[in-house]
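Student: I'd like to learn how to read strands and their neighbours in a structure. Can you walk me through one?

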Amino acid sequence: MAQRMALTLAVGIFIGIATSAHGEMIVNGGFEDAPLAPIGGWAEVPGGFSFPGWTVGGQGVDLHNTYHTAAHSGNQSLDLSGLEPGSITQSVATTPGTTYLLSFWYSGQPFHPYGGDAYAEVLWDGGLVDTIHLPASPSPTDINWTFAGYELSANTTSSLLTFNSLSPNGGIMLDDVSLNAVPEPSTLLLFGIGAFGITSFAWWKRRFRCIP
Ligand SMILES: [Ca+2]
């Protein structure tokens with residue numbers, strides 16, 4: 001447990017460094033902006049429509065109030081499957097040659113009516129980063145929120161981040177999506193992190209998949 005807490009602290013500090021140095025790049029990554037789901041309920045956004053920061057594809061997605069399905073943080077999270085699989089995409093301004101850290105929390109919607117795991121793809125500029133999957137959460141108040149992080153490279157001045165459900169109604173849920181440019185080692189030193197920050201960065205690179 002102590003090791004896990006130490007690693008979590010290292011990741012938190014590293015994300016904090018990246019955020020303070022370059023700023024959060026994702027708009028509405030916590031899904032807290034309108035449309036607001038009713039307390040104890042959800043709000044559907046059909047495919048072809050948008051909500052702050054995100055364009056919806058597929059059949060649609062659902063924004064869940066935390067008293068319907070416990071959010072990782074705040075009052076809302078997002079189910080990537082409406083009645084059928086949906087997707088969300090956000091375009092972010094990027095610098096070619098720069099490395100970015102993508103992180104988010106995901107879970108299995110507790111109400112899905114099928115056996116086995118819920119699945120979703122993570123895509124960066126249309127290329128597959130990973131296929132994530134989890135079983136249904138035990139209950140609406142006991143959600144299996146799981147952390148994921150990836151190192152991504154930008155080749156253009158605008159990059160697309162997409163989450164694409166592969167499951168029917170009751171899919172993968174998302175919260176706290178974050179993207180930050182990796183600070184240069186010189187920036188780490190400027191922020192007074194020194195050896196500890198560099199060690200954290202080295203740990204991050206070992207822990208998370210590197211996407212060319
Ligand atoms: Ca949230």
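Predicted model: local features only at pLDDT ≥ 70, side-chain atom pairs only at ≥ 80, totals over all residues.

Student: What pairs with β8 besides that, and in which sense?

Tutor: β11 does, in the antiparallel sense, over 5 bridges. There, valine 122 sits opposite phenylalanine 163. Step back and you get an open sheet of 6 strands, ordered β2-β3-β6-β11-β8-β9. β2 (50–51) and β9 are its edge strands, each pairing on one side only.

Student: Which residues of β8 lie on its covered face, and which on its uncovered one?

Tutor: Here's the general idea: in a regular strand, side chains alternate between the two faces of the sheet. In β8, Ala118, Ala120, Val122 and Trp124 make up the covered face, while Tyr119, Glu121 and Leu123 make up the uncovered one.

Student: And the nonpolar core: which members touch the most others?

Tutor: In soluble globular proteins, nonpolar side chains tend to be buried together. Here the largest nonpolar core has 32 residues, and Leu78, Leu80, Tyr106, Ile172 and Leu174 touch the most other members. Elements giving two or more residues to this core include β8 (118–124), β9 (127–134) and β12 (172–181). β7 gives the most, with 6 residues.

Student: What does isoleucine 172 contact, beyond its close sequence neighbours?

Tutor: Its contacts include Leu80, Tyr106, Ala118, Tyr119, Ala120 and Ile132.

Conventions
Residues numbered from 1 in each chain as written. Core = buried A, V, L, I, M, F, W, Y, C linked by C-beta atoms within 7 Å. Buried ≥ 20, exposed ≤ 12 C-beta atoms within 10 Å, placed from the backbone. Helix = DSSP H or I, 4+ residues; strand = E, 2+ residues; numbered from the N terminus. Contact = placed C-beta atoms within 7 Å. Pairing = 2+ DSSP bridges. Lists of a residue's contacts leave out its neighbours within four places in sequence.
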